[in-house]
Amino acid sequence: MTDTAVTKPNLFHFTRLPRPTVDRADGIYLWDKTGRRYIDGSSGAVNVNIGHGNRAAIEAMRRQMDRVSFAYTIHFESEPALALARELAARLPEGLDRIYYVSGGSEAVEACLKLARQWAVATGQPERWKIIGRMPSYHGITVGSLGVTGDEVLTPAFTPIGKAMPLVPAPFVHRDRDNLSLEERGLRYADMLEQKIVEEGADSVLAFIMEPIGGAASAALVPPDSYFARIREICDRHGILLIHDEVMTGIGRTGKFLGGDHWNCRPDIVALSKGLSSGYAPLGAVAATEKVVGPVLEMGGFLHGHTYGGNPVATAAALAVLGEIDRLGLIDNATAMGAVLKGELEALTQRFPFVADVRGKGLLLGAELYADPVAKTPLPREWNANVRLIDLAFERGLIIYSRRVRGGPESDNFMVCPPLIVTAEQIGEIVAVLADTLQALAGELGL
Ligand code: PLP
C-alpha cells in the first residue's frame with residue numbers, strides 16, 4: 001500500500017490498512033489525490049460493469065434528481081422503478097418477472113430468504129425453514145445472509161445472534177482425486193445436496209442457495225454442466241425452492257445476462273445487485289416467479305421494506321446501465337475480452353508454475369496459488385500470499401481481488417474482473433502489471 005492516505009480518524013473500515021484517497025475515475029482507471037493512476041482490475045467490488053464516468057448513467061441520475069430524488073414506495077411508484085422492472089423481466093429467464101427492490105447485495109439475499117420463508121407459510125408448509133448453503137460461499141454481511149454463507153471466520157463470529165444454516169461442499173471438482181470424470185463429480189456434488197436434505201429431514205428444508213459461478217469465496221469456480229440440472233431436479237423432487245445469488249455473476253459479467261443463463265437455469269428466486277447499478281447508486285433487486293410471490297401477496301403481502309429500496313435515482317441509474325450494456329454490446333464484449341484475458345492468464349501459469357487452475361466465464365476469471373499445483377498443496381497460511389498479492393499489485397497500480405479460501409479445499413486465489421468495457425490493449429496492460437506482480441511475489445516468497 002502507498003502512504004498517500006489522508007488520515008480519517010473518525011472513519012472506520014473492515015481493514016486497518018491506510019489507503020489513498022480517490023480523486024477521480026474514468027473508464028477502467030482510478031486516480032488518487034496525488035495523481036497516481038490505478039487500473040481497476042476488479043471493477044471495484046466486481047460491480048462497476050459499465051466502467052467509471054459513464055455519461056449516460058450520470059446524466060440519467062441528474063435528470064431524475066431534477067424531477068424527484070425520493071418518493072417513498074409506500075406512497076408512490078416511480079417511472080424509473082417501473083421501467084426497470086419491465087426491462088429486467090424482459091432479460092431474465094421466463095417466469096422470473098416479479099421484481100422487488102433493495103439497496104445492495106446483502107439486502108437482496110436477505111429479502112430472498114424472507115420471501116422464501118413467507119412462501120412456505122403462505123402455502124401451508126410452516127415446518128419448512130432450513131435454507132441450505134454451500135461451503136465456501138459468500139452471500140453477504142447481514143446476519144441473515146451470513147447464516148447461509150460458508151465462511152469459517154465470518155459466520156461463526158455472529159452465530160449467537162443469527163442462525164448458521166446447513167451447508168454442502170461447493171463443487172471444487174478440480175481438487176478431487178478419484179477416477180471420476182468432471183461431469184461425474186458434478187453429479188456427486190449435486191447428490192450431496194440430496195443427502196443433506198434427507199439428513200436434515202426433507203419436510204424441514206425450505207430452499208437451497210448458490211452462486212451459479214462462485215465469486216469472492218471461490219474465485220470464479222465453475223461447476224460442471226451436470227451439476228445444474230441435477231440440483232434443479234433434486235429441489236423439485238423435494239418441493240424446495242432454488243435461490244440463485246447472481247449479485248456478482250449477474251448483469252452481463254460472465255458473458256450472459258445471468259451466470260445461470262450459461263446452463264438455462266430456472267431458479268425460483270434470484271438476487272441481483274452490483275452490476276445492476278454498476279456502482280452509480282446503491283441498488284439491489286430480487287426477481288421471483290409468480291409461484292413464489294402470488295401466495296405471499298395473497299396472504300397479505302411481503303413483510304419487508306427498506307426506506308431506500310427502489311429509490312428513483314438508483315433505478316434511473318440502473319435503467320441507464322442496462323441501456324449502455326445494450327448500446328455498447330457489453331455482454332458480447334465480456335465474452336470476447338474474457339476469452340483474451342483467460343488465454344493470457346493461462347499463459348501466466350506457464351511462466352509462474354505456482355499459479356494454476358485458471359477458470360471462470362466472461363470477465364469473471366480466477367486462478368489459484370499453490371506450493372505444488374500438481375499435488376494441490378496450499379501455500380502456508382502464515383505467508384498471507386493473498387494479502388501480499390493485492391498489495392504488490394496495488395503498489396504497481398493494479399487492483400485485483402485475492403483471498404484465502406476459508407472453508408473447503410484450502411488455497412490462496414485471485415480474481416481479475418475488469419469492467420466489461422475493457423479493450424484488448426487494456427488487457428495487455430493488466431497482464432503486464434500482473435506478471436510483474438507475480439514475479440515480485442515469487443521473489444518475496446521464494447516460489
Ligand atoms: N452475494 C454475493 C454473491 C456477493 O458477491 C456479494 C458481495 O460481494 C454479496 C452477496 C453482498 O453484496 P453487498 O456487498 O452489496 O451487500
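Which strands does helix 3 (residues 79-91) lie across, and at about what angle does it run to strand 4? I looked this up first in what is a predicted model. Helix 3 lies across strand 4 and strand 10 (284-288), and its direction makes about 125° with that of strand 4.

I found seven strands in an open sheet, ordered 4-10-9-8-7-5-6, with mixed pairing. Strand 4 (98-102) and strand 6 (167-169) are at the edges; each has a single partner strand, so one side of each lacks a neighbour in the sheet. On average, neighbouring strands here are turned by 20° against each other, direction ignored.

I then checked one pair inside the order. Strand 5 (residues 130-135) and strand 7 (residues 205-210) run parallel and are joined by three bridges. I noted that I132 has F208 in strand 7 as its bridge partner.

I turned to the ligand. I listed 16 residues around it, of which G104, G105, S106, G140 and V247 are the closest. Helix 4 (residues 105-122) contributes the most to this shell, with three residues. Sorted by class, the shell holds seven nonpolar, seven polar and two charged residues.

Last, I took the protein chain as a whole. I counted 13 helices and 16 strands in it. Its radius of gyration is 21 Å, close to the 22 Å from the globule rule for 447 residues, so the chain is as compact as a globular protein of that length. The C-alpha trace spans about 60 × 60 × 45 Å along its principal axes. I also noted that 52% of the 447 residues count as buried. Among contacts with a separation of 6 or more, 72% are between residues 24 or more positions apart.

Key:
Residues are numbered from 1 along each chain as its sequence is written. This is a predicted model: local features need pLDDT of at least 70, side-chain atom pairs count only at pLDDT 80 or more; totals for chains, interfaces and linings use all residues. Two strands pair if DSSP finds at least two bridges between them. Helices (H or I, at least four residues) and strands (E, at least two) are DSSP runs, numbered from the N terminus. Axes are lines fitted to C-alpha atoms, for helices over the stretch in contact, and angles run from 0 to 180 degrees between N-to-C directions. Two residues are in contact if their C-beta atoms, placed from the backbone, lie within 7 Å. A residue is near a molecule or strand if its C-beta atom, placed from the backbone, lies within 6 Å of it. Ala, Val, Leu, Ile, Met, Phe, Trp, Tyr, Cys and Pro count as nonpolar, Asp, Glu, Lys and Arg as charged, and the others, Gly among them, as polar. The radius of gyration is taken over C-alpha atoms; the globule rule is 2.2 Å times the number of residues to the power 0.38. A residue is buried if 20 or more other C-beta atoms lie within 10 Å of its own, exposed if 12 or fewer, and partly exposed in between; C-beta atoms are placed from the backbone.
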